[in-house]
Amino acid sequence: MATIIALLVVCLPLVTLGYIGWCYASPWGTCRRCAPGGKNRTCRACDGTGMRPRLGWQLYVYFRRLHRDGTH
């Protein structure tokens, strides 16, 4: 059990930092609602572009705006 906990303690920060780097390098991902065909003009999730921001990027923008609005 201690080995599993130690492995999680080591791997979780690496996975988290990797996802943060991935979101920073490529903030846009394919839309899951339009995924098979690509650009669906009636898709409300991506406005028909076929691309939508990743969850990590959306959280980053949210907290950045929250901080900016709180300090000004």
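Biologist: What places the charged end of Arg54 over the ring of Trp22?

Modeller: In this predicted model, the charged end of Arg54 lies 4.0 Å from the centre of the Trp22 ring. The limit on that distance is 6 Å, with a further condition of 35 degrees from the ring normal, and Arg54 is listed as sitting over the ring.

Biologist: Why is α1 called roughly perpendicular to α2?

Modeller: The axes of α1 (residues 2-25) and α2 (residues 55-71) cross at roughly 80° and come within 9 Å. Angles of 65 to 115 degrees count as roughly perpendicular, so α1 is roughly perpendicular to α2.

Biologist: Which residues make that contact, and how do they divide by class?

Modeller: Helix α1 contributes Tyr19, Cys23 and Tyr24, while α2 contributes Leu55, Gly56 and Trp57. Of these, 5 are nonpolar, 1 is polar and none is charged. Gly counts as polar, so Gly56 of α2 is the polar residue in this contact.

Biologist: How many aromatic pairs are there?

Modeller: The count comes to 3. Among them is the pair of Trp57 and Tyr60.

Biologist: Why is the pair of Trp57 and Tyr60 called tilted?

Modeller: Their ring centres are 5.2 Å apart, with 40° between the planes. Centres must lie within 6.5 Å to pair, and planes under 30 degrees apart are stacked while those over 60 are edge-to-face.

Biologist: What makes Tyr60 partly exposed?

Modeller: Its relative accessible area is 40%. Buried requires under 20% and exposed over 50%, so Tyr60 is partly exposed.

Biologist: What makes the pair of Tyr62 and Phe63 edge-to-face?

Modeller: The angle between the planes of Tyr62 and Phe63 is 70°, with 5.3 Å centre to centre. The class needs over 60 degrees, so this pair is edge-to-face.

Biologist: How do you know whether Pro27 is buried or exposed?

Modeller: Pro27 has 17% relative accessibility. The cut-off for buried is under 20%, so Pro27 is buried. Pro27 is in the loop between α1 and β1. Leaving aside neighbours within four places in sequence, Pro27 contacts Arg52, Pro53, Arg54 and Trp57.

Biologist: And Gly50, buried or exposed?

Modeller: Gly50, in the loop between β1 (28-30) and β2 (51-53), has 11% relative accessibility, so Gly50 counts as buried.

Note on methods: Residues numbered from 1 in each chain as written. Predicted model: local features only at pLDDT ≥ 70, side-chain atom pairs only at ≥ 80, totals over all residues. Heavy atoms only, no water. Axes fitted to C-alpha atoms, helices over the stretch in contact; angles between N-to-C directions. Helix = DSSP H or I, 4+ residues; strand = E, 2+ residues; numbered from the N terminus. Parallel < 35°, antiparallel > 145°, perpendicular 65-115°, else oblique. Contact = heavy atoms within 4.5 Å. Phe/Tyr/Trp six-rings, centres within 6.5 Å; stacked < 30°, edge-to-face > 60°. Buried < 20%, exposed > 50% of the residue type's maximum accessible area, 1.4 Å probe, protein only.
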